[in-house]
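This briefing is for a reader who has not seen the structure before. Please look over the sequence and the model, then read the notes by topic.

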Amino acid sequence: MYIPVKWKDHIVQFMRRFMMTNGEGPGLVYLTPSPGEIEQQGTPQSARNFGHMDLGILEGQLVANLMFTTGRQQAGVIESLTGQQFDVTLSNSRKYPATNAIATVALTKYLNNTDYQLHYKILECSGGYVESVEFYDLASNAFKVKYTGSATSAKLRIYVTGGM
């Protein structure tokens with residue numbers, strides 16, 4: 001953990017006072033600081049103090065990056081839990097038990113893998129009953145769905161979770 005340097009100003013009686021001495025040649029002078037009384041000794045501007053400050057800045061940046069990365073990971077977890085939702089209407093023109101009630105559903109978000117879960121709710125059906133719903137050919141950007149049964153039409157609400 002960073003412990004800040006308690007910087008102190010160097011306070012003197014005469015901040016910009018110098019003593020002038022003639023040099024070896026014409027027009028050459030030497031200026032020597034003449035600050036008078038030192039009221040407060042300042043913190044040295046040294047490599048040690050500035051290096052300590054650099055380490056504190058680096059530590060703060062690393063912590064900020066870690067928090068940002070953790071936040072993005074948590075957002076991905078939350079997003080995979082909330083998932084995607086689709087309403088799909090399937091129609092069957094064949095006589096029971098044959099079916100051609102098949103649809104390909106394109107995912108609105110590309111998933112990282114095909115290890116996602118699909119759940120459904122039958123919103124409405126007509127012309128008979130839906131016996132079962134099957135999901136197959138799972139891909140990271142789409143899947144196929146079909147139903148079996150005597151219904152001529154069925155509207156499903158499909159929930160996609162996981163796959164992140």
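**T43 and its surroundings**

Not counting residues up to four places away in sequence, T43 touches V5, K6, W7, K8 and N49, where contact means heavy atoms within 4.5 Å. This is a predicted model, in which local features need pLDDT of at least 70 and side-chain atom pairs count only at pLDDT 80 or more, while totals for chains, interfaces and linings use all residues. Residues are numbered from 1 along each chain as its sequence is written, and side-chain values use heavy atoms, with hydrogens and water left out.

- T43 sits in the loop between β4 (38–40) and α1 (47–82); helices (H or I, at least four residues) and strands (E, at least two) are DSSP runs, numbered from the N terminus.
- T43 counts as buried at 19% relative accessibility; buried means under 20% relative accessible area, exposed over 50%, and partly exposed in between (1.4 Å probe, protein chains only).
- The T43 side chain reaches the backbone nitrogen of K8 at 2.7 Å and the backbone oxygen of K6 at 3.4 Å.

**Salt bridges**

- The structure holds 3 salt bridges, each defined as a side-chain nitrogen of Lys or Arg within 4 Å of a carboxyl oxygen of Asp or Glu.
- R157 and D87 meet through their side chains in a salt bridge, at 2.8 Å from N to O. R157 lies in strand β10 (residues 153–162) and D87 in strand β5 (residues 84–91), so this pair ties together parts that are 70 residues apart in sequence.
- R157 is partly exposed, with a relative accessible area of 21%, and D87 is partly exposed at 41%.
- E134 forms a salt bridge with K146, with the closest N and O atoms 3.9 Å apart. This pair links distant parts of the chain, 12 residues apart: E134 is in strand β8 (residues 130–136) and K146 in strand β9 (residues 142–149).
- E134 counts as partly exposed at 39% relative accessibility, as does K146 at 24%.
- D137 forms a salt bridge with K144, the closest N and O atoms being 3.7 Å apart; K144 is partly exposed at 28%.

**Nonpolar core**

- The largest nonpolar core has 20 residues, of which L90, F143, V145, Y147, I158 and V160 touch the most other members. Such a core is a set of buried Ala, Val, Leu, Ile, Met, Phe, Trp, Tyr and Cys residues joined through side-chain atoms within 4.5 Å.
- Two or more residues of this core come from each of β5, β6 (102–106), β7 (116–126), β8, β9 and β10, and β10 gives the most, with 4 residues.
- Leaving aside neighbours within four places in sequence, F143 has contacts that include A103, L118, F135, I158 and V160.

How values were computed. A polar contact is a pair of N or O atoms within 3.5 Å; within protein, one must be able to donate a hydrogen and the other to accept it, and residues adjacent in sequence count only if both atoms are side-chain atoms.
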